[in-house]
Amino acid sequence: MTARIGVITFPGSLDDTDAQRAIRLAGAEPVALWHGSHDLEGVDALVLPGGFSYGDYLRAGAIAARAPIMAEVKDAAERGMPILGICNGFQMLVEAHLLPGGLIRNAHQQFIRRDQRLRVENASTAWTSQFEVGQEITIPLKNADGGYICSAETLKQIEGDGLVAFRYVGVNPNGSLDDIAGVTNARGNVVGLMPHPEHAVEAGFGPNTPDAMRSGVDGLAFFTSALAAVTTAAA
Amino acid sequence: MPTIVVDVMPKAELLDPQGKAVAGALDRLGHTGFSGVRIGKRFELTVDTADEATLAAVKTIADEILSNAVIEDVVGIEVVE
């Protein structure tokens, strides 16, 4: 069985084809899905890609989070389907209340693009099982609204329950609370992060590493993790 | 036709990067005495009638769509003729 991983395209999505490519390189079959549909086409996992859906009007991800297909996405999340939100997709997941907290304008007010070091804090989710806790990875980051915030009460809860999936290392690029780069839900099937794993999946097209320019492929393990989760679930 | 105005502000305890940038600019321009600036949003909803049912609907819309309770508060809903 080849795992089928859907990528939902919203008006203003930018990295949907990159996510499809990453899925293919990880050994799964990418399935292009459309925001206006109510059909997940029987996929085994889902990626909500990066971009600027609806021009970030109202709040980043807010309008896309209320797209027709999001009803099915919420049902799928409830059933335990692996769902990854990248950048704008992460913003949609918090707007849809599938993940805790919120994302606001970067503290320095600037759009930022950099190869970002992260520390894996939770390697038990559907999207991080191929990492090890404490492992440091580098993947590209590019956003204007990446500041992770939540109430003091929520922060205490997500830190206490191990729901912080990734933390920024070296530089906190946007003023996120506790250097939080990504979070998971309690079940571990829904994960969101601001940096872009799909841009670090093929040597020659990834972030720079000490070994060679653009040779970073740390993002691939997100997608092979999902593949492992789907294969385990089917077994 | 009546207009219903909804005002939304970032939560007081959370950082408002836009307001902070404007406060910095004011100070730089010599407008002293402003210790803080916070920037919110104003929504103007044009309606046929501003009856109780419409206001109740606006309250729901304001809480569930126009604002995100995690990061913002609805600070006012007002009918303007």
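The model is predicted. Chain A holds an open sheet of nine strands, and chain B holds an open sheet of three. Between the chains, 14 residues of chain A are in contact with nine residues of chain B.

**Chain B: overall form**

- Chain B contains two helices and three strands.
- Along the sequence these elements follow the pattern β-α-β-α-β.
- The radius of gyration of chain B is 16 Å, well over the 12 Å from the globule rule for 81 residues, so chain B is more spread out than a compact globule.
- The C-alpha trace of chain B spans about 45 × 30 × 15 Å along its principal axes.
- Of the 81 residues in chain B, 15% are buried.
- Taking contacts in chain B between residues at least 6 apart in sequence, 68% join residues at least 24 apart.

**Chain B: the sheet**

- The three strands of chain B are arranged in the order 2-1-3, and their pairing is antiparallel.
- Strand 2 (41–46) and strand 3 (72–80) of chain B are at the edges; each has a single partner strand, so one side of each has no neighbour in the sheet.
- On average, neighbouring strands of this sheet are turned by 20° against each other, direction ignored.
- Strand 1 of chain B, residues 3–10, pairs with strand 3 of chain B in the antiparallel sense over eight bridges.
- Within strand 3 of chain B, B:Val80 is the residue that stands opposite B:Thr3.

**Chain A: the sheet**

- The nine strands of the chain A sheet run in the order 2-1-3-4-11-10-9-6-7, with mixed pairing.
- Strand 2 (29–34) and strand 7 (136–143) of chain A are the edge strands, and each pairs on one side only.
- Neighbouring strands here are turned by 25° against each other on average, direction ignored.
- Strand 6 (residues 112–120) and strand 9 of chain A pair in the antiparallel sense over three bridges.
- A:Arg119 has A:Arg167, in strand 9 of chain A, standing opposite.
- Strand 9 of chain A, residues 164–168, is mostly covered, with four of its five residues buried.
- Strand 9 of chain A also pairs with strand 10 of chain A, in the antiparallel sense and over three bridges.
- A:Phe166 has A:Gly182 in strand 10 of chain A as its bridge partner.
- Strand 10 (residues 180–184) of chain A continues to strand 11 (residues 190–193) of chain A through antiparallel pairing over three bridges.
- A:Gly182 has a bridge partner in strand 11 of chain A as well, namely A:Leu193.

**Chain A: helix 5**

- Helix 5 of chain A covers residues 220–234, which is 15 residues.
- From first C-alpha to last, helix 5 of chain A reaches 21 Å, close to the 21 Å expected at 1.5 Å a residue.
- Buried residues of helix 5 of chain A include A:Leu220, A:Phe222, A:Phe223, A:Leu227 and A:Val230.
- The buried residues of this helix pack against strand 1 (4–9), helix 1 (16–25), strand 3 (45–48) and strand 4 (83–86) of chain A.

**Chain A: A:Ala203**

- A:Ala203 lies in the loop between strand 11 and helix 5 of chain A.
- This residue is partly exposed, with 13 other C-beta atoms within 10 Å; the limit for an exposed residue is 12 or fewer.
- Apart from residues up to four places away in sequence, A:Ala203 touches A:Ser215 and A:Val217.
- A:Ala203 and A:Val217 are 14 residues apart in sequence, and their C-alpha atoms are 6.3 Å apart in space.

**Where the chains meet**

- On the side of chain A that touches chain B, the residues divide into five nonpolar, five polar and four charged.
- B:Asn68 is found in the loop between helix 2 (52–66) and strand 3 of chain B.
- B:Asn68 has 24 other C-beta atoms within 10 Å; because 20 or more count as buried, B:Asn68 is buried.
- Setting aside neighbours within four places in sequence, B:Asn68 is in contact with A:Arg59, A:Ala62, A:Glu95 and A:Gly102.
- B:Asn68 and B:Lys11 are 57 residues apart in sequence and 10.0 Å apart in space, C-alpha to C-alpha.

Technical notes: Residues numbered from 1 in each chain as written. Chains lettered and ligands numbered in written order. Predicted model: local features only at pLDDT ≥ 70, side-chain atom pairs only at ≥ 80, totals over all residues. Pairing = 2+ DSSP bridges. Axes fitted to C-alpha atoms, helices over the stretch in contact; angles between N-to-C directions. Contact = placed C-beta atoms within 7 Å. Nonpolar A, V, L, I, M, F, W, Y, C, P; charged D, E, K, R; others polar. Expected span 1.5 Å × (residues − 1). Rg over C-alpha atoms; globule rule 2.2 N^0.38 Å.
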